[in-house]
Amino acid sequence: MAFHVRGVLLPDDEERDLWLVGDRVTFSPVAGAETIADCGYVLPGLVDAHCHIGIAPGGAPIGGIAQAKELAAADRDSGVLAIRDCGSPYPYPMLDDDPDVPRLARAGRHVAPPKRYLRDIGAEVEAPEVPGEVAAQARAGNGWVKLVGDWIDRAVGDLAPAWDAATLEAAVGAAQAAGARITAHTFSEEAVAVLVRAGIDCVEHGTGLSLDLVDEMARRGTALVPTMINIATFGDIAARAEEKFPGYARHMRALHDGFPAVVRAAYEAGVPLYTGTDAGGGITHGRIADEMLRLHEEAGMAPFDVLRAASWGAREWLGFPGLVEGGLADLVVYAEDPRRDLRVVRAPQRMVLRGRVLP
């Protein structure tokens with residue numbers, strides 16, 4: 001079955017016809033194709049570039065493949081047709097080609113320090129074991145490794161790097177030697193500085209970034225996935241920690257308050273930015289529109305650039321071609337122009353995933 005779509009194609013800003021034949025896009029007319037949209041604004045499917053369909057609500061590992069598919073469906077129904085799963089305690093390579101699941105770029109388990117991360121989520125190892133574990137998790141994923149760069153250290157009462165600088169640098173080298181890209185959870189200032197200068201491919205959150213590091217990321221092409229709806233929870237985290245760890249609570253509040261300026265600085269410096277919600281655990285799935293709107297309203301990103309970060313730009317970064325000749329048949333149609341009013345992304349009118357029209 002072939003499908004025909006007509007609309008204003010973004011980012012080209014040109015009204016065009018395209019045809020979907022199986023899981024591929026063509027601009028050559030296909031006789032007998034069924035028209036599924038004849039007006040509106042057509043984007044390559046959205047991307048949640050920081051998502052966890054292997055972590056259940058509340059923070060425990062999922063109970064099985066059925067639950068992973070259920071969580072992915074919530075993202076899919078919001079217009080997200082590709083996901084980068086930034087670490088899963090549950091392996092699910094069988095979902096890579098599942099027709100009901102958004103396209104997946106997967107890390108294996110988070111590589112984390114012992115007893116300093118979320119229980120049962122990470123592969124917890126001491127410093128000498130980090131390079132080997134990184135290589136193992138590179139094999140478990142399909143192109144990505146996720147490192148826990150820092151977390152609260154209860155002995156000092158504040159955020160601290162997961163391991164020493166030499167170990168963090170070795171982790172980056174081990175992933176890249178294994179043919180994988182590596183990203184890292186970072187909240188604090190110290191670990192992210194080491195990782196960026198070591199050549200990490202991406203930074204998650206990045207609340208501790210300095211202006212110097214932002215410039216270094218721009219020079220290197222290091223990506224940033226800010227997860228602003230996750231950072232919005234820092235006040236609640238600080239309140240829960242206040243009694244036992246007042247220094248940590250103050251630090252988290254300060255990171256929260258300064259974060260919009262950090263993201264804006266990264267945007268203005270030309271750092272590659274991509275949208276991610278950190279759904280899984282404490283963040284519910286299907287909130288890509290909330291993240292997009294925060295990037296616009298709080299960090300000052302222009303709507304067109306937010307759309308690029310959530311659609312064609314993110315897909316290119318992850319290796320999922322957009323709406324080009326021979327590209328993948330994933331698209332979202334909106335009734336109105338999201339460049340004029342970004343709130344339009346809350347209401348997709350038509351979606352196609354892997355060449356299949358979604359209900």
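Predicted model: local features only at pLDDT ≥ 70, side-chain atom pairs only at ≥ 80, totals over all residues.
I count a residue as buried when its relative accessible area is under 20%.

**Cysteines**

I started with Cys-86, which comes out at 1% relative accessibility, so I put it down as buried. Cys-51 is buried too, at 0% relative accessibility.

Then I checked Cys-86 from its own side: its nearest cysteine sulfur is that of Cys-202, at 6.9 Å, and Cys-86 is in no disulfide.

**Helix 4**

I moved on to helix 4, residues 189-198. Which of its residues are buried? I wrote down Ala-191, Val-192, Ala-193, Val-194, Leu-195 and Val-196.

**Largest pocket**

Last, I looked at the largest pocket, which holds about 860 Å³ of space. I found 31 residues lining it, and those nearest its centre are Leu-118, Trp-151, Ile-237, Arg-240 and Tyr-248. Two elements give two or more residues to this lining: strand 12 (150-153) and helix 7 (234-241). Which element gives the most? That is helix 7, with four residues.

I also sorted the lining of the largest pocket by class: 12 residues are nonpolar, 12 are polar and seven are charged.

Conventions. Residues numbered from 1 in each chain as written. Heavy atoms only, no water. Buried < 20%, exposed > 50% of the residue type's maximum accessible area, 1.4 Å probe, protein only. Disulfide = S-S within 2.5 Å. 1 Å grid on protein atoms, 1.4 Å probe; cavity = no way out; pocket = protein on both sides within 12 Å on 5 of 7 lines; lining within 4 Å. Points joined across faces, edges and corners; volume = space filled by probe spheres on them. Nonpolar A, V, L, I, M, F, W, Y, C, P; charged D, E, K, R; others polar.
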